[in-house]
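Subject: Structure handover

Hello,

Here is the structure for your files. My notes on it follow below.

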Amino acid sequence: MAPETSSWNDTCIAPPDIETWHSSFFILLSMSNILQIILCLSQMVNAIFGVMCGHCDQKNDSPMTI
């Protein structure tokens, strides 16, 4: 006898709507991780520009000049 193929809604009956909660929570966590990746990449790009172009605006504001 072959096992029946049923949806998760039929299999997970307690607590009600748990599959919807898990799917929503997974999507929320995925979106949060994508936002963190975007922010991390923007920080890395900012740091690279800071290292490459940080010496461009050299100011002689030091009190000790010879």
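Helices (H or I, at least four residues) and strands (E, at least two) are DSSP runs, numbered from the N terminus. On that basis the protein has 2 helices and 0 strands.

Two points on the source. This is a predicted model, in which local features need pLDDT of at least 70 and side-chain atom pairs count only at pLDDT 80 or more, while totals for chains, interfaces and linings use all residues. Residues are numbered from 1 along each chain as its sequence is written, and side-chain values use heavy atoms, with hydrogens and water left out.

**Surface**

Buried means under 20% relative accessible area, exposed over 50%, and partly exposed in between (1.4 Å probe, protein chains only). Of the 66 residues in the protein, 0% are buried. The protein exposes about 6700 Å² (Shrake-Rupley method, 1.4 Å probe; for residues, only the protein chains shown count as cover). Carbon and sulfur atoms supply 67% of that area.

**Aromatic pair**

Rings of Phe, Tyr and Trp (its six-membered ring) pair if their centres lie within 6.5 Å; planes under 30 degrees apart count as stacked, over 60 as edge-to-face and the rest as tilted. The count is 1 aromatic pair. The ring centres of Trp 21 and Phe 25 are 5.4 Å apart and the planes are at 20°, so this pair is stacked. Both residues lie in helix H2 (residues 18-53), 4 residues apart, about one turn of the helix. Phe 25 is partly exposed, at 37% relative accessible area.

**Ser 42**

Ser 42 also lies in helix H2. Its relative accessible area is 40%, so Ser 42 is partly exposed.

**Cysteines**

The whole structure holds 0 disulfides (pairs of cysteine sulfur atoms within 2.5 Å). Cys 40 is partly exposed at 42% relative accessibility. Cys 53 is partly exposed, at 42%.

Best wishes
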